[in-house]
Structures are given as structure tokens and as C-alpha cells.
Amino acid sequence: MNMIETRNLTKTYGDFTAVSHLNMHIQKRRVYGFLGPNGAGKSTTMKMFLGLTRPTEGQFYIDGKTYPKDRMSILKEIGSFIESPAFYGNLTGEENLEIIQKLLGLPKGSVSDALELVGLGPFRKRLAKKYSLGMKQRLGLAGALIGHPPILLLDEPTNGLDPAGIHEIRTLIRSLPRQYDCTVLVSSHLLPEVELMADDIGILNHGRLLFEGTLDDLKASARNAGFPTDNLEDTFLAMIDADNQRGGR
Amino acid sequence: MTLSLEIKKLKRTGYFPAFIGAGFIASAFPVINMLARAQTFTALSGDPLTILMDANWQMMAMINILICVCGSCIMYHTEYADNGLQKMDVLPVRSGALFITKFVITALILAIIIVMETAVLAGCALHWFPGRGLSLWELLKTAGFQWLITLPTVMMMLVIASAWKNMWISLGIGVILVFALSILPQDLLILNLCPFSSPYQTYAMAVQNDRVSLFLILCPVETPGLGLLEMFYQKIRRCVQ
């Protein structure tokens, strides 16, 4: 069953097409790795799912619900982390999460659960603006994970984390479908990272979906097309390069 | 609940101290004026509250407008500085409701400082105009009128502050509007009704010109009318973002 599905989803800004006729299928309780170079349209796609930007054309369905009709109901089911951590610098980490907890109507204990989950428990009383980059990133993740939402949209969640932090967050994301019945859409520039984390992969270039499927499907498809299959990075670069040479769009 | 959350967001921003500070400065103005030029005013005949309002309200209103400009900028700077507003946009809460709550908070704190200022004016009247009578009803009508005619300015400034991520642009626009509208002729009715200009009117002046009902009808219409601009802005923002 698909938790998220798009049909010819398109977003244009003037004469620039950020996302072009995208048909994505994200299955329930799977981690979907969203790959693509800068400006490929990953963040724009995620923003459309959250109603932050309106699609120019096409539709998407999240847990059977449509935008804009069911926007509020969709947002109740999604925990998100888009582009950069979003918080109030004048509030402590705990106060930031309390705002989200109250707006979502979650129990009080969910705040400390989320803080412990991302390792911010000891720093709960510190002002968010005084957090290090990695800690801000963790706070953003805690804001997405609070209350264990059934769908998680994470846009480059490991940016700014040290290797230990990356490993920790990766393990956490990997465990979410099993632990909380969660469906995760995660975008990352770190290709080995996605390889270790994702069940399914979508590769986006110039707003178009070049590939969608499992890692094994990707390897088979790359082999057929004559692309290297030793590691995801080489396959990805070869696919993007070939698409760019074809003219991209 | 949204009201308590919005108040919580203003923690450590200096928003409430700034309003209370501005209230003290505006309240101190008539006291200093009376200490310096008591005879000029006590020699005048008429209602002491009207004399004090005529002598001081222009400056007090300007301080009130300036703090509304600064307050709105603080509110939205807090939202934009670390992308807090973006987080709110992805939570199941209507952005229109957040805006209205911000307006309610500003309107309430403004009511507090206007009550404070009116109380100081009453104190001045009792101290420097003994035996000339002061009606509590008149005081309440004056405070209520001054509050009501400042609301369109509060609403318009919040719309401006929400439209720019860079606080200095909103602050600049606000300050330009404060000074531009204060130097325009005050005898033109249409200008008197504009946000940033209407707060300079006094209740006594409006009674004298028979404009009380006009202000009482138009300002409560103008305020939600300007609020609709924000709703429209939020709609188009989603299309171009």
C-alpha cells in the first residue's frame, strides 16, 4: 500500500520548472531515500507535500488524503524537517518542543521522550540559539519525531552532524518503521548514507524522476544501461551525467 | 490555547518590557510638561482632561504608535529569525489564527498602556486642576476611544511586519509611515481616518467636530479590513513560495 503517491506533480516558477510530472510511490512502513543533485527539486517536492508551496499541476495523496482539501488532516500525520532546523532561538529546546506538543495535543511526556530520542535531554534548559549546529539539527529532528507521527519527511537530516551523530540518526531513522510503524521520506546528499538507510530509492534530476525502486532494482537497471554498479555513488553520478547529456529536461 | 502559546513565544524577546517602558515614557510626558509649564495650562479655562489631552496627546500618541511598530517587528522577527514560522506552517494550525492572536496580544498590551496613560492624565488633572471636576465616565470614554482608533494602526503594522523577513525593512516602513502621516495636515478628514494618523485624534476633538460616531464606526471596520489583506497575502505567498 502506498502511503504517499504523486500523479504528474509539477511546480513551475515563471519559466523555470522545479518539479516536472513527478510520479512517486512511497510504500507504508518503508524508508524512501530521495536522491538528487542541488536544485533537483527534492525540497520543493517535500514542501508541496506539506502545503508550504502550491503545486502548479498534478495531485498527490498522503494516506489517501488530498491537498488542499485535507491539508490540516495531512499535517496532523506528518512530522517534518525541511531544509534547515526551524525553531525559536529565544526559547529553550524544551520550550520549543512544548509549543509543538500543545499544538498537536500530545501528552506532556512526549517532550522529554523526543529530547531523549535525539540525545538533547541534558541540554533541554539551554536556549536554542546557544545550541551548536549539530544540536540545532537534533532539535529540528526532535520537532519532527515528537509524538511518533506515522509519516516523516526529512530533508537532509544529518547536515552538520559529526560522524557519531550521523551514525546515531541513521540508526534511529532505520529503526522507525519497525518501532513506530512509520513511513519515512528522507533526502540526502550523502549517498552511502542513503544506501545504508533506505529500502527504496528515488533519483531526481532537473525535477524529473529518473529512477524509482529498491536498491537491487537500481543495480539491475544500472547494469542494463551500462552504468557502474560497484557503489551507489558511481551509479548515481553516471545516471545524472547521462541525463544531463541527454539535455536534462 | 493559541493565545498562551503566542505569549510564550514572546518570552525573552523584550516585547512586554518594551511596551511597559513605552507606557512609562508616554505617561511621564504630561507630568514633565506640567512640572515645566503648569501655569500655562492651569490658566486655561475648560475641562482639565481636554486641556491635558490637547497639550500632551500628540506626543503620547506618537510614542504609542512607535511602540506598536517596534512590537510588531519584534513579534515577526522572532518568527523569521530561526524559521520558527516555517515550523508553524507545517503544524496543523491555521496561519490566519496565529496572525489574529498576535493582533489580540498587541491590542491587549496597548489597552494596558493606554489605561496607564489615562490614569496619569487623571492624576495630573487632580493635582494641578483641583476642584475643577473630573468624571470617571469621561476618563473611560477617552481611554476606550483612544484605544479603538489606534487598532487600525496595530493591524496595518502587523501586516507590514509579517510581509518582510528582514525586520529592518518593516521597521523602516513603519517609522516612515509614523513620521509621514504626522506631518500631513490634520484637518483633512480622510487623512484623520488613515492608520498611523487616526491615533492622533483626541476624544474631545472628535466630540467638538462631531466625528465620534464616524470614528467608532469606521475604525472597527478598517481593522478587520486590513486583516483581510494579511489573509490575501498568506494565500498568494503559498503560490509564489
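**Ground rules**

I note that this is a predicted model, in which local features need pLDDT of at least 70 and side-chain atom pairs count only at pLDDT 80 or more, while totals for chains, interfaces and linings use all residues. Residues are numbered from 1 along each chain as its sequence is written, chains are lettered from A and ligands numbered from 1 in the order in which they are written, and side-chain values use heavy atoms, with hydrogens and water left out.

**Entry: around N90(A)**

I placed N90(A) in the loop between β7 (78–81) and α3 (93–104) of chain A. Helices here are DSSP runs (H or I, at least four residues), strands likewise (E, at least two), both numbered from the N terminus. Not counting residues up to four places away in sequence, N90(A) touches L127(A) in chain A, and K9(B), L10(B), K11(B), R12(B), T13(B) and T78(B) in chain B. Contact means heavy atoms within 4.5 Å.

**Entry: the interface**

I then looked at the two chains together. Chain A gives 33 residues to the contact and chain B gives 27. About 2,900 Å² is buried between them, 57% of it on carbon and sulfur atoms; buried area is the accessible area (1.4 Å probe) that two parts lose on being put together, summed over both. On the side of chain B, K87(B), P92(B) and R238(B) lose the most area to chain A, together 22% of what that side buries.

I counted 17 residue pairs in polar contact across the interface, both residues at pLDDT 80 or more. A polar contact is a pair of N or O atoms within 3.5 Å; within protein, one must be able to donate a hydrogen and the other to accept it, and residues adjacent in sequence count only if both atoms are side-chain atoms. In chain B, the elements giving two or more residues to this side are α1 (2–9), α3, α4 and α10 (212–240). The largest share, six residues, comes from α4(B).

**Entry: salt bridges**

How many salt bridges does the rule find across the interface of chain B and chain A? I have three, where a salt bridge is a side-chain nitrogen of Lys or Arg within 4 Å of a carboxyl oxygen of Asp or Glu. E95(A) pairs with R12(B) at 2.9 Å, N to O. E95(A) also forms a salt bridge with K11(B), the closest N and O atoms being 2.6 Å apart. This second pair runs from helix α3 of chain A to the loop between α1 and α2 (15–42) of chain B. E95(A) is buried at 8% relative accessibility, whereas K11(B) is partly exposed at 36%.

Over all chains the count comes to 20. Within chain A, K65(A) and E77(A) form one with closest N and O atoms 2.1 Å apart. The pair links strand β6 to helix α2, 12 residues apart, and both K65(A) and E77(A) are buried.

In chain B, E6(B) and K9(B) form a salt bridge at 2.6 Å. Why are E6(B) and K9(B) separated by about one helical turn? They are so because they lie three residues apart in helix α1 of chain B.

I found a cis peptide bond from Y67(A) to P68(A), with omega near 5°. P68(A) sits in the loop between β6 (65–66) and α2 (71–77) of chain A. E156(A) has a positive phi, near 45°, in a residue other than glycine. E156(A) is buried, with a relative accessible area of 13%.

**Entry: inside chain B**

T202(B) lies in the loop between α8 (189–192) and α9 (203–208) and is buried at 1% relative accessibility. Leaving aside neighbours within four places in sequence, its contacts are M53(B), D54(B), W57(B), F145(B) and Q146(B). T202(B) and Q146(B) are 56 residues apart in sequence, but 6.8 Å apart in space, C-alpha to C-alpha. A polar atom of the T202(B) side chain lies 3.2 Å from the backbone nitrogen of M205(B).

Methods. Buried < 20%, exposed > 50% of the residue type's maximum accessible area, 1.4 Å probe, protein only.
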